[in-house]
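Hi everyone, thanks for making time. Let me put the structure up, and then we can walk through its charged pairs and a helix packing together.

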Amino acid sequence: MEGIRDIKLNIKPISVNKCYNGQRTKSKAYYAYEKEMLLSLPPSYQIDTDDLGIYYEFGVSSKGGDVDNLIKCCQDCICKKYGINDNIKRFFNKLWKNSY
C-alpha cells in the first residue's frame with residue numbers, strides 16, 4: 001500500500017506540561033499547537049495500521065529533556081488527523097507479537 005513516507009514539519013514541539021493546565025484539561029497552548037499540526041500535516045491518507053511505524057526527530061535546545069514528553073502531543077495530533085487508534089494495550093500486544 002502506498003502511504004506516507006517522510007513528513008517534515010517545522011513546528012516547535014510542545015511539552016506535555018505546557019499542553020495541560022495541571023490536570024486533564026487542555027491548555028490554550030495545546031489548542032494552538034494542535035491547530036498548527038492539523039493544518040500542516042498532509043491531507044488524509046489511507047494508512048495501514050497493521051504495518052505502522054513512526055520515527056520522530058525533534059530539534060531541542062536541552063539535551064536533558066524527556067523525548068516522551070514531546071512525542072505525546074505530536075502523536076495525539078497525528079492520530080486525530082488520520083483516525084488512528086493509539087490504544088496502548090493494542091500497541092503493546094502488537095509490539096510483542098511482531099518482535100519474534
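Glu34 is buried, at 8% relative accessibility; buried means under 20% relative accessible area, exposed over 50%, and partly exposed in between, with a 1.4 Å probe and protein chains only. Please keep in mind that this is a predicted model, where local features need pLDDT of at least 70 and side-chain atom pairs count only at pLDDT 80 or more, while totals for chains, interfaces and linings use all residues. Residues are numbered from 1 along each chain as its sequence is written, and side-chain values use heavy atoms, leaving out hydrogens and water.

So what does Glu34 pair with? Its partner in a salt bridge is Lys80, with the closest N and O atoms 3.0 Å apart; the term means a side-chain nitrogen of Lys or Arg within 4 Å of a carboxyl oxygen of Asp or Glu. This pair links distant parts of the chain, 46 residues apart: Glu34 sits in helix H2 (residues 28-40) and Lys80 in helix H3 (residues 67-82). Helices here are DSSP runs of H or I, at least four residues, numbered from the N terminus.

There are two salt bridges in the structure. Asp76 and Lys72 also form one, at 2.8 Å from N to O. They are four residues apart in H3, about one helical turn. Asp76 is buried at 19%, whereas Lys72 is partly exposed at 37%.

Now the packing. Among the residues of H2 that meet H3 are Tyr30 and Glu34, and on the H3 side we find Asp76 and Lys80, among others; contact means heavy atoms within 4.5 Å. Thanks, all!

Technical notes. Helix = DSSP H or I, 4+ residues; strand = E, 2+ residues; numbered from the N terminus.
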